Amino acid sequence: IDQEALSYIMASNASSWHLHNSLQKLLNTSSPQITLYIAQELTGQNAMNNIFVLLDTLASKNLKRGLQLLKDQEMRGTEPLYILSMIARHIKILLKLKSFLADNPRVSSRAAAVALKEHPVVIQKLFPLIKGFTLVELITLHKALVAVDLQLKSTRLNPFTLLDKLGVDIMSHARYVNSPSR
């Protein structure tokens, strides 16, 4: 394992359990040398960051980039249900955050993370997106997620076509907000 990969693994794993799982994945690879690229791909950190980037892109209504990010996930072999579950998780957190901020409009992202019992990094990354959605829009998106989940499990439609449609639905409900990540 090269030093850059080792530093990345140590910095990106918050708990010993995550560290153990990441190391197990890397030990099972057929690659003779573990590079930073391999560590990022195998430990899932890129997939998680790509979901944040995907949501940010969809919230900013960048259709071309959003569809390209979904295509990238398809080319990587990411399971459509995994993508859907990550988007659903983030929409649920956005729902909780939007509701919480209605009662606590001046709270910091760290205080919100503590109050909502969510990881501070997740809340910090989603905090700028919250302005792009109303509570009603988030509820509507959650219902759309449930519908796509059902379609993924009960039809022969191409899963990435369904995810593309979901991306368009998210963009149609989001209002562009300048996010610090852009």
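**Notebook: contacts and helix packing**

I began at Pro-159: leaving aside neighbours within four places in sequence, Pro-159 is in contact with Pro-80 and Leu-152, where contact means heavy atoms within 4.5 Å. I note that this is a predicted model, in which local features need pLDDT of at least 70, side-chain atom pairs count only at pLDDT 80 or more, and totals for chains, interfaces and linings use all residues. Residues are numbered from 1 along each chain as its sequence is written, and side-chain values use heavy atoms, with hydrogens and water left out.

**Entry 1. Pro-159, continued**

I placed Pro-159 in helix α10, residues 159–173. Helices are DSSP runs of H or I with at least four residues, strands are runs of E with at least two, and both are numbered from the N terminus. With a relative accessible area of 30%, Pro-159 is partly exposed. For this term I used these cut-offs: buried is under 20% relative accessible area, exposed is over 50%, and partly exposed lies in between, with a 1.4 Å probe and protein chains only. I also looked up Val-148, which is eleven residues from Pro-159 in sequence and 8.9 Å from it in space, C-alpha to C-alpha.

**Entry 2. The whole chain**

I counted ten helices and zero strands in the protein. Of its 182 residues, 39% are buried. Among contacts with a separation of 6 or more, 69% are between residues 24 or more positions apart. I recorded an accessible surface of about 10500 Å², 58% of which belongs to carbon and sulfur atoms; accessible areas come from the Shrake-Rupley method with a 1.4 Å probe, and for residues only the protein chains shown count as cover.

**Entry 3. α6 against α9**

How do α6 and helix α9 pack, by angle and axis distance? I found an angle of about 160 degrees between α6 and α9 (residues 135–154), with the axes 10 Å apart. Axes are lines fitted to C-alpha atoms, for helices over the stretch in contact, and angles run from 0 to 180 degrees between N-to-C directions. The two helices, α6 and α9, are therefore roughly antiparallel to each other. Angles under 35 degrees count as roughly parallel, over 145 as roughly antiparallel, 65 to 115 as roughly perpendicular and the rest as oblique. The crossing of α6 and α9 is left-handed, a term for a near helix turned anticlockwise from the far one by less than a right angle, with clockwise giving right-handed.

On the α6 side, the residues that meet α9 include Pro-80, Leu-84, Ile-91 and Lys-98. On the α9 side, they include Leu-138, His-142, Asp-149 and Leu-152. By class, I listed 15 nonpolar, one polar and four charged residues in the contact of α6 with α9. Ala, Val, Leu, Ile, Met, Phe, Trp, Tyr, Cys and Pro count as nonpolar, Asp, Glu, Lys and Arg as charged, and the others, Gly among them, as polar.

**Entry 4. α6 against α7**

I then took α6 (residues 80–103) with helix α7 (residues 109–116): their axes come within 11 Å and cross at roughly 110 degrees. That makes α6 roughly perpendicular to α7. Lys-96, Leu-97 and Phe-100 of α6 make the contact with Ala-112, Ala-115 and Leu-116 of α7. By class, this contact has five nonpolar, no polar and one charged residues. The crossing of α6 over α7 is right-handed.

**Entry 5. Two loop residues**

I found Phe-127 in the loop between α8 (120–126) and α9. Not counting residues up to four places away in sequence, Phe-127 touches Leu-97, Leu-101, Val-107, Ser-108, Ser-109 and Ala-112. The C-alpha atoms of Phe-127 and Ser-108, 19 residues apart along the chain, are separated by 9.1 Å.

Lys-117 lies in the loop between α7 and α8. I noted a phi near 60 degrees for Lys-117, a positive value in a residue other than glycine. Most residues other than glycine have a negative phi. Lys-117 counts as exposed, at 75% relative accessibility.
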